[in-house]
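Take a look at the model below.

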Amino acid sequence: MRKTWFVLLLIVSVVTGCGVRPSGVIPGAPAPVGPANGAVLYFVSGGQPARVLRPIAGELPPASPVDLLAAGPDESEREQRYTSEVPPGTVVLDQTAGPNGVTLTLSVDVAGLSARAVDQIVCTARDSLGGAAQITLRGGGTQRGPLSCPLPG
């Protein structure tokens, strides 16, 4: 008799499940909005620009995220195999808003920058400037642009 009750109880448990009823999709809250505790930089991963959030908690932010980009990946980013084609020591000397977006004057000849380095700088600048559509790079007596980041912001 005990065996029968046990089997019956087991069958009832299986049939009723855990008591959770099925439901439709439950939407989540919208993504948080506001400043992040970090700088958005674009390094190279797999031959393509990749968005990286570098924490800067407790540190004073640099004059420009491009300055951080020029310093290259930190230890944690190198462990994740991020690289950079932006020449070390590249600095933003001036930033000017104009009818075609923003012009960044750099400390290097922009004609000598690789296509990936240009993408890294343009995407990093775009995100730091709140999504400016067009970025023109100047330096070394040459100009490139106006340019757009090839990645979604």
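**Backbone exceptions and charged pairs**

Arg-81 is exposed, with a relative accessible area of 72%; exposed means over 50% relative accessible area, buried means under 20%, and partly exposed is in between, taken with a 1.4 Å probe and protein chains only. This is a predicted model, in which local features need pLDDT of at least 70, side-chain atom pairs count only at pLDDT 80 or more, and totals for chains, interfaces and linings use all residues. Residues are numbered from 1 along each chain as its sequence is written, and side-chain values use heavy atoms, with hydrogens and water left out.

Where is Arg-81 placed? Arg-81 sits in the loop between helix 3 (75-79) and strand 3 (92-98). Helices (H or I, at least four residues) and strands (E, at least two) are DSSP runs, numbered from the N terminus. The phi of Arg-81 is positive, about 70°, although Arg-81 is not a glycine. Most residues other than glycine have a negative phi, and most peptide bonds are trans. A cis peptide bond is found between Gly-145 and Pro-146, with omega about 10°. Pro-146 belongs to strand 6 (residues 142-147).

Now to the charged side chains. Side chains of opposite charge can pair when their charged atoms come close. A salt bridge is counted when a side-chain nitrogen of Lys or Arg is within 4 Å of a carboxyl oxygen of Asp or Glu. How many salt bridges does this rule give? The count comes to five.

One of them joins the side chains of Glu-77 and Arg-54, at 2.6 Å from N to O. Glu-77 lies in helix 3 and Arg-54 in strand 2 (residues 48-55), so this pair ties together parts that are 23 residues apart in sequence. Are these two residues buried or exposed? Glu-77 counts as buried at 4% relative accessibility, and Arg-54 counts as buried at 9%.

Another salt bridge is formed by the side chains of Arg-116 and Glu-85, at 2.7 Å from N to O. This pair links distant parts of the chain, 31 residues apart: Arg-116 is in helix 4 (residues 115-128), and Glu-85 is in the loop between helix 3 and strand 3. Arg-116 is partly exposed, with a relative accessible area of 35%, and Glu-85 is partly exposed at 31%.

Asp-127 forms a salt bridge with Arg-126, and their closest N and O atoms are 2.8 Å apart. Asp-127 is partly exposed, at 22% relative accessible area, whereas Arg-126 is buried, at 9%. Arg-51, Arg-126 and Asp-127 are linked in a network of salt bridges.
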